[in-house]
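Me: Please take a close look at one part of this structure and describe how it sits among its neighbours. Keep to what the coordinates show.

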Amino acid sequence: MKIICRVLISAALTASLLMSLSIPGFADDRAKHIGDGIAALPLFDAHVHYKEPAWQPYPPSTVLQLMDKSGVTMALVSSTPDEGTIKLWEYAPNRVVPELRPYHGQAGSSNWTTAPGMIDYLMQRLTDYPHEGIGEFHLHGVDPANEILLRKIAELAVSKNIFLHVHSGKEPVDLLFSLEPGLKIIWAHAGMSEPAHVVEAMMAAYKTLYADTSFREGDILTSQGTIDPAWRRVLERFSDRFMVGSDTWVNEQWEGYGKIMAVNRKWLSQFSRPIAEKIAFKNAERLFGRSIEIGLIGQR
Ligand SMILES: [Zn+2]
């Protein structure tokens, strides 16, 4: 009986050894992952909106509590209208990097490029407040009718050395860089529906293209909870250019904020410590010139 047990155990060990050998690097990579160490890292949330419907149910103090509970030390915030961003930034200036969203009044995601007075509105808000980006805004495609406005916005961003935060597929990003090669662009949702190989090609093509991974958690993580190989490749190759994000575009996202950030920690835990740290907060530190430490939790 003992012998049979031993044989079975050694067979099981051999099988697991063969399995680890048959998946190149599997055992080694796992040992190098940050794993549970991810829990202690501060997070920078690069895709927060504080839209008007959230103001009453989620006052700034509540938003900060939600960030605190998830270890989110700082957030890049843009809102419809911009007053939401300013409310949050005035309440917690050390926790908020403000970004100017064009949407206000009748101007929303589908018609903002043709809204009268848009460039004047943007210039005035940028004069009044220390926004560090223009966005997040949507470009549903390349429309020649938008080119004059987009060129002005691109020039404005470069002259102020601030980011554009763009929700679009590949083509509008190509257009923006062709209008103004000196741009710094944060690609919202890493292209939203663009596959990993397209994101990789874009990152290779444009040295000042960055991305937030909000809404891509389900692409990065496989149904088994491991990292999709194509996403691992792009995230590791361009680990200096990605940040995580929650995208609180509706109140349900605030409702589920803890879970969203936990999923982000889950996928980050499967990367090496240096890469996890960069994507969690160090890239944001570099891009926005902030010091992001866990000690910011509970402060504002
Ligand atoms: Zn968004």
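Reply: Two strands count as paired if DSSP finds at least two bridges between them. Strands (E, at least two residues) and helices (H or I, at least four) are DSSP runs numbered from the N terminus. The model is predicted: local features need pLDDT of at least 70 and side-chain atom pairs pLDDT 80 or more, while totals for chains, interfaces and linings use all residues. Residue numbers start from 1 along each chain as its sequence is written.

On one side, strand 5 pairs with strand 4 (residues 133–138) in the parallel sense over 5 bridges, and His 167 stands opposite His 138. Strand 5 also runs parallel to strand 6 (residues 185–187), joined to it by 3 bridges; here Leu 164 has Ile 185 as its bridge partner. The chain reaches strand 6 from strand 5 through helix 8 (residues 170–179), in a right-handed β-α-β crossover. Right-handed means that, with the strands pointing away from the viewer, the path from the first strand over the helix to the second runs clockwise. Strand 4, helix 7 (residues 147–160) and strand 5 also form a right-handed β-α-β unit.

In a regular strand, side chains alternate between the two faces of the sheet. Phe 163, His 165 and His 167 lie on one side of strand 5, Leu 164 and Val 166 on the other, and all are buried (20 or more other C-beta atoms within 10 Å of a residue's own; 12 or fewer is exposed, in between partly exposed; C-beta atoms are placed from the backbone). Val 166 is among the residues touched by Trp 187, with contact meaning backbone-placed C-beta atoms within 7 Å.

Note on methods
Two residues are in contact if their C-beta atoms, placed from the backbone, lie within 7 Å. Lists of a residue's contacts leave out its neighbours within four places in sequence.
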